[in-house]
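Hi everyone, thanks for coming. I'd like to walk you through one model today, so let me put it up on the screen.

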Amino acid sequence: MKNRVITISREFGSGGRTIGKKVAEKLEIPCYDAKIIQEMVKETGFAPDYVKEAGEYAPGGFLSNAFSNRMFGPTNEDILWEYQYKIIKQLAEKEPCVIVGRCADYILRNRPHCMRIFLHAPAEYRVKRIMRTENLSHDAALTKAIQMNRKRSDNYHYYTHQPWGLSRNYHLTLDTSLGDDFVLDSICEGLKHIQ
């Protein structure tokens, strides 16, 4: 296999992390998700929980940005973005792999042999999955899905100046409610055509 990389962006509750791991297992390549956080912790010295939260979500709203310390230099979030960018580039150069989230599709947008995927699902499918995996009520799962997707969208737009989930930014957008096997087979078949 050439040094091919698969990036997986996903709606919260669509099962994107699970699909990413299954694709990696099938292709016998590493799947990077938490590993990126570990590398960022090692390189920055920030606490793991902070890196996990701040590294995936945009800095606060308008007032937070208007009164931030950017006039005095980069914020912690900016520093995390730079490390995340560097680590994702290094992982893609090192070996074939699957990278879940973290704006990897944007970071690797000009890299040859990189397949960019966006996974989504109908709201009710995502809510039921969140209820099952996180033991939440219907209303709590729905609220969490809305909040998490808003945070992901804001973060993506903040750092890439692109709309999150826009189909033309990806090779494939797949509805995970069609089943893991279908999504997995579609990704593996599509990868054969990536130049």
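Let's begin with the cysteines: there are 0 disulfides in this structure, which is a predicted model. As a reminder, a disulfide is a covalent bond between the sulfur atoms of two cysteines. C114 itself is buried, at 2% relative accessibility. C188 counts as buried too, with a relative accessible area of 12%.

Helix α1, residues 16-27, and helix α9, residues 180-191, have axes that come within 10 Å and cross at roughly 55 degrees. That angle makes α1 oblique to α9, and the crossing is right-handed. So who is touching whom? On the α1 side we have I19, K22, V23, K26 and L27. On the α9 side, the contact is made by D180, V183, L184, D185, I187, C188 and L191. Sort the residues of this contact by type and you get 8 nonpolar, 4 charged and no polar.

Now let's zoom out to the whole chain. The protein chain has 9 helices and 5 strands, and along the sequence they run β-α-β-α-α-α-α-β-α-β-α-α-β-α. Of its 195 residues, 45% are buried.

Notes
Residues are numbered from 1 along each chain as its sequence is written. This is a predicted model: local features need pLDDT of at least 70, side-chain atom pairs count only at pLDDT 80 or more; totals for chains, interfaces and linings use all residues. Side-chain values use heavy atoms; hydrogens and water are left out. Axes are lines fitted to C-alpha atoms, for helices over the stretch in contact, and angles run from 0 to 180 degrees between N-to-C directions. Helices (H or I, at least four residues) and strands (E, at least two) are DSSP runs, numbered from the N terminus. Angles under 35 degrees count as roughly parallel, over 145 as roughly antiparallel, 65 to 115 as roughly perpendicular and the rest as oblique. A crossing is left-handed if the near helix is turned anticlockwise from the far one by less than a right angle, and right-handed if clockwise. Contact means heavy atoms within 4.5 Å. Ala, Val, Leu, Ile, Met, Phe, Trp, Tyr, Cys and Pro count as nonpolar, Asp, Glu, Lys and Arg as charged, and the others, Gly among them, as polar. A disulfide is a pair of cysteine sulfur atoms within 2.5 Å. Buried means under 20% relative accessible area, exposed over 50%, partly exposed in between (1.4 Å probe, protein chains only).
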